Amino acid sequence: MPTATYVERRGQIETYFDRTAVEAWSRLTSDAPVGRIRATVRAGRDRMRNTLLDWLPGDLRGRRVLDAGCGTGALAVEAARRGAHVVATDLSTTLIELARERLPRDLGGGSIELRVGDMLDPALGSFDHVVAMDSLVHYDAADMVRVVAGLAERTRRSMLFTFAPRTPALALMHAVGRLLPRGHRAPSIEPVGQADLQRRLVVEPGLADWRAARTLRVACGFYTSQALEVIRA
């Protein structure tokens, strides 16, 4: 069951993306001109998305992929073009509507089902692969591992997710972010130590059949995120 901290943070994320960050997020995830800081975030997100896509099989025909926290759907589109049936879900109604507006007509042999809701909803079904790009970075390590364990119950092959690595540079960026007016702040990112996270994954009962595999950090200006691949042992 989701913890109280998970539910509280989930509500903050939904409110932020549906009310505060609509225009900014729409521009960031498009080709529209953005300022220098957001340009580094856009470039970092592009690199991270390409990394996660590289870690998925080139041929996804016949496989189901969950894009957990899909945002405007860029990763889902690329996975579908490899033949996957993608269930793309996000807490934000606004982002799902934007993803629907941007959905290309030609997805090759794949398909995309866009859903508003929680990535842990069992009604979404089971999957071969789960990708959660920057959708767990707002949760602390304990809740993050519980979410991964919950997703593992419905995943057959691999789970790819990102976390905010605990670094001095990231701590400085958070300090700068706290200077912004409260109404313009995003829900805080929770820095996580890689060693602590992997220790928690090893001892989590729900992940006994899983092991950590590849990991890669992307640092680009104001964007820092680390990808971790977890596969069935």
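Here are some questions and answers on how features of this predicted model get their labels.

The model is predicted, with local features needing pLDDT of at least 70 and side-chain atom pairs counting only at pLDDT 80 or more, while totals for chains, interfaces and linings use all residues. Residues are numbered from 1 along each chain as its sequence is written, and side-chain values use heavy atoms, with hydrogens and water left out.

Q: What makes Y6 count as buried or exposed?
A: Buried means under 20% relative accessible area, exposed means over 50%, and partly exposed is in between (1.4 Å probe, protein chains only). Y6 has 3%, so Y6 is buried.

Q: How do you know where the buried residues of α1 sit around its axis?
A: Start with the list: Y6, R9, I13, Y16 and F17 are buried in α1. They cover an arc of only 95° around the axis, so they're on the same side of α1. That arc is taken from the directions from the helix axis to the C-beta atoms. On the face of α1 turned away from the buried side you'll find the exposed residues A4, E8 and R19.

Q: What do the buried residues of α1 pack against?
A: They pack against α2 (22-28), α5 (93-102) and α6, where contact means heavy atoms within 4.5 Å.

Q: Why is the pair of Y6 and Y139 called stacked?
A: Rings of Phe, Tyr and Trp (its six-membered ring) pair if their centres lie within 6.5 Å; planes under 30 degrees apart count as stacked, over 60 as edge-to-face and the rest as tilted. By this rule there are 3 aromatic pairs. Y6 and Y139 are 4.9 Å apart centre to centre with 25° between the planes, and that makes them stacked. The partners are 133 residues apart, with Y6 in helix α1 (residues 4-20) and Y139 in the loop between β4 (127-132) and α6. Y139 is buried as well, at 3%.

Q: What makes the pair of F17 and W25 edge-to-face?
A: The angle between the planes is 70°, and the centres are 5.2 Å apart. F17 is buried at 13%, and W25 is buried at 18%. Ring pairs also link Y16, F17 and W25 into a cluster.

Q: Why is α6 called largely enclosed by the rest of the structure?
A: Because 10 of its 12 residues are buried, including M144, V148 and L151.

Q: What makes T89 count as buried, and what does its side chain reach?
A: T89, in strand β2 (residues 85-90), has 1% relative accessibility, so T89 counts as buried. Its side chain reaches the backbone oxygen of R115 at 3.1 Å.

Note on methods:
Helix = DSSP H or I, 4+ residues; strand = E, 2+ residues; numbered from the N terminus. Polar contact = N/O pair within 3.5 Å; in protein donor to acceptor, adjacent residues only side chain to side chain.
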